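Please look over the sequence and the 3D structure shown here before reading on.

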Amino acid sequence: MDNVKFLTFARTAIKNMFSKPATVGYPYEPAKFTQRSRGHVEIAGDQCICCGMCMRSCPPGAILVDRKAGTWTINRFDCVQCGSCVSVCPKKCLSIVPGYTSPQNHMESETFKASPLPAKH
């Protein structure tokens, strides 16, 4: 029985010696993101009208829109990159960009200045 296990291991070891590595040399080679990778949410703040549609459609509540201050805030730790906010944005100022956000050791939200809707008189 032990000989069978050894032969199976030896066959696998020899096969791996003559094949390419399954992993990439990450720190030395740039990461390649597939077309379907989710990435992270980006905003074109100058196009945002602070309508709040993205905030209402965000399942975890990671987005906060303040119409009076004209700000759009996202908590990257709460965002699940589902793309719901991108699909409902009427101005199409939100997009999902391939790539990862930089790692941090504390929770922090990002705030962007938007161009809010003019007040009605």
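## Order of the elements

In what order do the elements of the protein run from the N terminus on? They run α-β-α-β-β-α-β-β, and the secondary structure comes to 3 helices and 5 strands, where helices (H or I, at least four residues) and strands (E, at least two) are DSSP runs numbered from the N terminus.

This is a predicted model, in which local features need pLDDT of at least 70 and side-chain atom pairs count only at pLDDT 80 or more, while totals for chains, interfaces and linings use all residues. Residues are numbered from 1 along each chain as its sequence is written, and side-chain values use heavy atoms, with hydrogens and water left out.

## Overall form

The C-alpha trace of the protein spans about 85 × 30 × 30 Å along its principal axes. The radius of gyration is 23 Å, whereas a compact globule of 121 residues would have one near 14 Å; the radius is taken over C-alpha atoms, and the globule rule is 2.2 Å times the number of residues to the power 0.38.

Of the 121 residues, 24% count as buried, a term that means under 20% relative accessible area, with exposed meaning over 50% and partly exposed in between (1.4 Å probe, protein chains only). Among contacts (heavy atoms within 4.5 Å) between residues at least 6 apart in sequence, 73% join residues at least 24 apart.

## The largest nonpolar core

A nonpolar core is a set of buried Ala, Val, Leu, Ile, Met, Phe, Trp, Tyr and Cys residues joined through side-chain atoms within 4.5 Å. The largest one has 17 residues, of which Val41, Cys48, Cys54, Ile63, Trp72 and Leu94 touch the most other members. Strand E1 (40-43), strand E2 (63-66) and strand E3 (71-75) are the elements that give two or more residues to this core.

Leaving aside neighbours within four places in sequence, Val41 is in contact with residues including Trp72, Ile74, Cys79, Cys85 and Leu94.

## Thr111 in strand E5

Thr111 has its place in strand E5 (residues 109-113). Beyond its neighbours within four places in sequence, Thr111 is in contact with Thr71, Trp72 and Thr73. Thr111 and Thr71 are 40 residues apart in sequence, yet 6.5 Å apart in space, C-alpha to C-alpha.

## Met17 at the surface

Met17 lies in helix H1 (residues 2-17), and it counts as exposed because its relative accessibility is 61%.
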